[in-house]
Amino acid sequence: MTTTLSQTPSPCRTVSAEEIAFYDEHGWVKLRGFLRPAIVQALLDRGIMLMGEDGASNEDFGIRQPYFNPFPCGGLDVPELKALLIAVAENAKLLMNRKCGTGVRYFFDTFVPKLPAGKASARGGNGPTSFHQDFITFAMDRSGGMQFWIPLQPCGPEKGTMSFINGSHKMGVLGNYTAYEGRDITEVWPELLDLEVSEPMTYELGDVTVHNHLTVHGAGANLSDTPRWALITSMLPADAHWNGAPPEAFDPSHLKPYQLLDEDRFPTLARGSD
Ligand SMILES: O=C(O)CCC(=O)C(=O)O
């Protein structure tokens, strides 16, 4: 008998107490064997359907930067993927570990193929990822959010996988990388050189990393000749409000400054106990 994704109970496992402690201390954690391979395959199939095998034949999304060619996944509209996002949010709540039991709100889910550095790309997306924090680009009034970085195929450093600066999430907000005038973040903040940098990640199918929006991270170029297929899903504390600044990740035209994010666009996927 064939098993469909919707017949199976959970698309992922639950984070362990050790993983929660590692995340709290380092600002990131690798979750080995977190996802069922079938859900990873479903994500890859959707990425290829929307973006083509080359990860670059998608409708123009209007964003040009070297890190990757971004394109929305739209997972909330696909029942199996919505179930995944809800399960991810429940794990984000455990990792966030707020004392008042705050829940978790969906922020976005985006394919992020990094295109091969050796091939010209009209879309950009074929360079290294400079070291940065995510937080400042999101225009939120509070920290606590995190990215689940889901490789859709096994991959390692040659594909341009991330390294993390351990403990950098405890250093506060370090500015927008566009304000560094081309300098590396460690030139602007030499304090970061006192911290350890993780190895670039190597992922088996089903492995995922999670990093705090305040954790400094970056990646090399994709030195292979095929796309580095990955999906980022970003989660926020359910009590996050827009801070009124122009965000890079969403259109705030329906919000007032300091407004709680609305349920229509940013649904609460993991209910809080507060
Ligand atoms: O995929 C990459 O190279 C970088 C991803 C990133 O910056 C993020 O997940 O916040």
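Predicted model: local features only at pLDDT ≥ 70, side-chain atom pairs only at ≥ 80, totals over all residues.

Biologist: Fine. Where does Val15 lie?

Modeller: Val15 is in the segment before α1, and α1 covers 17–26.

Biologist: Is Val15 buried or exposed?

Modeller: Buried. Val15 has 20 C-beta neighbours inside 10 Å. The cut-off for buried is 20 or more, so Val15 counts.

Biologist: Which residues is Val15 in contact with, leaving aside neighbours within four places in sequence?

Modeller: Ile20, Leu31, Asn91, Leu94 and Leu95.

Biologist: And how far apart are Val15 and Glu90?

Modeller: In sequence, 75 residues. In space, 9.6 Å from C-alpha to C-alpha.

Biologist: New topic. How many residues of strand β3 are buried?

Modeller: Seven of its eight. Strand β3 runs over residues 104–111 and is mostly covered.

Biologist: In what sense do β3 and β9 pair, and over how many bridges?

Modeller: Antiparallel, over seven bridges. Strand β9 is residues 230–237.

Biologist: What about β10?

Modeller: Strand β10, residues 268–270, pairs with β3 in the antiparallel sense. That pairing has two bridges.

Biologist: Which residues are the bridge partners of Arg105?

Modeller: In β10, Thr268. In β9, Leu236.

Biologist: Where does β2 come in?

Modeller: Strand β2 is residues 71–72. It pairs with β3 over two bridges, in the antiparallel sense.

Biologist: Which residue in β3 stands opposite Pro72?

Modeller: Thr110.

Note on methods: Residues numbered from 1 in each chain as written. Helix = DSSP H or I, 4+ residues; strand = E, 2+ residues; numbered from the N terminus. Buried ≥ 20, exposed ≤ 12 C-beta atoms within 10 Å, placed from the backbone. Contact = placed C-beta atoms within 7 Å. Pairing = 2+ DSSP bridges.
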